Amino acid sequence: MTAITRVAFAIFVFTSAGGVQAAEYFVSPSGDDANPGTAAKPWRTVDKANRVLQAGDTVFLRQGSYRDPIAPARSGSGENARITYAAYPGEHPEINRGDVLRGWEKVSGTDGVNAIYRRRSTFHDKNQLVEDDLDKAGIYAMYWNRSYITTRIVKDLNRIDRPGDYYYSNGYWYVRTSDSRSPDTHKITEIVDDREGIYVDDHQYITINGIAIRFVGRFVDAHNAKHITLEGCTLEYARGYGGLGIVGGSKYWIVRNNKIRGVGTILGHRGDAFWIQNSDHGLYEGNDLSYYGHLGVQVRDTHDNVVRH
């Protein structure tokens, strides 16, 4: 019986065949990191779980949104002593690193026709904006800057001439939404961090099951990571060129039955859903890929990988 199908209501300890003591912990938005991490007294942050989990341990994330990436301090020690991050049965937690932007002011144009709005940003021009979600806005959900392809930031409002265009100039975002109306009538989320939602460089025997990762630089950018399983997750809105990068000597990955979409600049033709390079003996199957800027799966300099629907 796997961790994700086991409904547990208290922390318990057992000894596996390899002699590893394993525990179950819980994280909830209503918890406290000073708690023991039990079902009745859960932790508050994923970071707490990252620091505590040891080989064989499982942490269940309760329904809600969390800011910290999944970044275990330790590795598992074998197939029977993995470190597992799992959604609590029947719930849909997420790692969400985006910031919702409110308080836009009109610069020019007519609402519903060609209106352009602006808002101050404390970050920088390589951030990305997402309007509402892909289900509602389609290809216009992930704003793009045509000048970004040549790494130039154009400071000319006259070049914002179609829905989904945006530019950054002197600390301000200038945008034209999908319906040319105020961004405050939408939910505009800024991806402000170029870090991954899952960080497992140089780790092994880690499982992530049923957790959503949203509004990140990349979902995963793993180097020398081995025996990693990513299953049943929803991965949405990554600004990096490769949404899920498995590279640099990584081996024995299982990436199965995930929903992966919204990678890179869709209209700007930048961003692969998968980037597999110098990574061998992987199984990639049953994944639903959509809304990416370049290729669904790019494979380079690898061998003995299986990629199938």
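Residues are numbered from 1 along each chain as its sequence is written, and side-chain values use heavy atoms, with hydrogens and water left out. Because the model is predicted, local features need pLDDT of at least 70 and side-chain atom pairs count only at pLDDT 80 or more, while totals for chains, interfaces and linings use all residues.

**Overall make-up**

The chain holds 2 helices and 27 strands; helices (H or I, at least four residues) and strands (E, at least two) are DSSP runs, numbered from the N terminus. Of its 309 residues, 53% are buried. Buried means under 20% relative accessible area, exposed over 50%, and partly exposed in between, with a 1.4 Å probe and protein chains only. Among contacts with a separation of 6 or more, 61% are between residues 24 or more positions apart; contact means heavy atoms within 4.5 Å.

Strand S2 (residues 21-27) has 6 of its 7 residues buried, so it is largely enclosed by the rest of the structure. S2 pairs with S3 in the parallel sense over 4 bridges, where pairing requires that DSSP finds at least two bridges between two strands. Phe26 has Phe60 in S3 as its bridge partner.

The whole structure contains 7 aromatic pairs. Rings of Phe, Tyr and Trp (its six-membered ring) pair if their centres lie within 6.5 Å; planes under 30 degrees apart count as stacked, over 60 as edge-to-face and the rest as tilted. One of the pairs is formed by Phe60 and Tyr88, edge-to-face at 6.3 Å centre to centre with 80° between the planes. This pair links distant parts of the chain, 28 residues apart: Phe60 is in strand S3 (residues 58-61) and Tyr88 in the loop between strand S5 (83-87) and strand S6 (94-96). Phe60 is buried at a relative accessible area of 1%, and Tyr88 is buried at 10%. Tyr172 and Tyr174 form a tilted pair, with ring centres 6.4 Å apart and planes at 50°; both residues are buried. Ring pairs also join Phe26, Phe60 and Tyr88 into a cluster.

Two of these tyrosine rings have an arginine charge over them. The charged end of Arg62 is over the ring of Tyr88, 3.8 Å from its centre, and that of Arg118 is over the ring of Tyr172, 4.0 Å from its centre. The criterion is NZ of Lys or CZ of Arg within 6 Å of the ring centre and within 35 degrees of the ring normal.

**Salt bridges**

A search of the whole structure gives 14 salt bridges, each defined as a side-chain nitrogen of Lys or Arg within 4 Å of a carboxyl oxygen of Asp or Glu. Three of them are listed here.

| Salt bridge | Closest N and O atoms |
|---|---|
| Arg51 and Asp47 | 3.0 Å |
| Glu236 and Arg214 | 2.6 Å |
| Arg256 and Glu231 | 3.2 Å |

Arg51 and Asp47 both lie in helix H1 (residues 46-52), 4 residues apart, about one turn of the helix. Arg51 is partly exposed at 45% relative accessible area, as is Asp47 at 32%. Glu236 forms its salt bridge with Arg214. That pair links distant parts of the chain, with Glu236 in strand S19 (residues 234-238) and Arg214 in strand S16 (residues 212-216), 22 residues apart. Glu236 is buried, at 5% relative accessibility. Glu94, Asp135, Arg214, Glu236 and Arg261 are linked in a network of salt bridges.

**Single residues**

Asp280 is in the loop between strand S23 (272-277) and strand S24 (283-285). Asp280 is buried yet has no salt bridge, and the nearest side chain of opposite charge, Lys251, is 4.9 Å away. For charge, Lys and Arg count as positive and Asp and Glu as negative, while His and the chain ends are not counted. Leaving out residues up to four places away in sequence, Asp280 touches several residues, including Lys251, Tyr252 and His303.

Tyr252 lies in the loop between strand S20 (242-247) and strand S21 (254-256). Its phi is near 60°, a positive value in a residue other than glycine, and Tyr252 is partly exposed at 38% relative accessible area. Tyr291, in strand S25 (residues 288-292), has a positive phi near 55° and is partly exposed at 30%.
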